[in-house]
Amino acid sequence: MKQTLAAFALCSIALPALADEPVIENATARQSGGGWTFSVTLSHPDTGWDHYADGWRVLDMDGNELGLRVLAHPHEQEQPFTRSLSGVQIPDGTTQVHIQARCLVDGWGQETYVLTLH
């Protein structure tokens, strides 16, 4: 009986839900005029206006933000989805950048996507 109660007590403890951060499925970049155009494909279990992937950014390898793409609405029915950002200024000599995604609830993801520029 004691073991049954202990097992029940352990199962009844409310554990925090582990959030799924946005995943960068793919990213591309092309030089366009005086800047760069980035296209980023994200997936995230958007549930509506209260919880969705709300942006991504381009960072140099030192973590400095070079460009930010704000996503203005949830994409519950469109997963994964791709959005672009044009006119990003990349310092001369830069050969790689990080792409980092953000969720409205959980903030910036821990994982980044390293993109080599050609």
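Two strands are taken to pair if DSSP finds at least two bridges between them. In this predicted model, strand 6, which covers residues 96–103, and strand 7, which covers residues 107–116, run antiparallel and are joined by seven bridges.

## Glu111 in strand 7

Among the residues of strand 7 is Glu111, which counts as exposed because its relative accessibility is 59%, above the 50% that the term requires. When residues up to four places away in sequence are not counted, Glu111 touches Glu21 and Gln100. With Glu21 the separation in sequence is 90 residues, whereas the C-alpha atoms of Glu111 and Glu21 are 8.6 Å apart in space.

## Aromatic rings

The structure holds one aromatic pair, formed by Trp49 and Tyr52 in an edge-to-face arrangement, with 6.0 Å from centre to centre and 85° between the planes. As for accessibility, Trp49 counts as exposed because its relative value is 58%, while Tyr52, at 8%, counts as buried.

A ring also takes part in a contact of another kind, with a charged group: the charged end of Arg57 sits over the ring of Trp108, at 3.8 Å from the centre of that ring.

Notes:
Residues numbered from 1 in each chain as written. Predicted model: local features only at pLDDT ≥ 70, side-chain atom pairs only at ≥ 80, totals over all residues. Heavy atoms only, no water. Helix = DSSP H or I, 4+ residues; strand = E, 2+ residues; numbered from the N terminus. Phe/Tyr/Trp six-rings, centres within 6.5 Å; stacked < 30°, edge-to-face > 60°. Buried < 20%, exposed > 50% of the residue type's maximum accessible area, 1.4 Å probe, protein only. Lys NZ or Arg CZ within 6 Å of the ring centre and 35° of its normal. Contact = heavy atoms within 4.5 Å.
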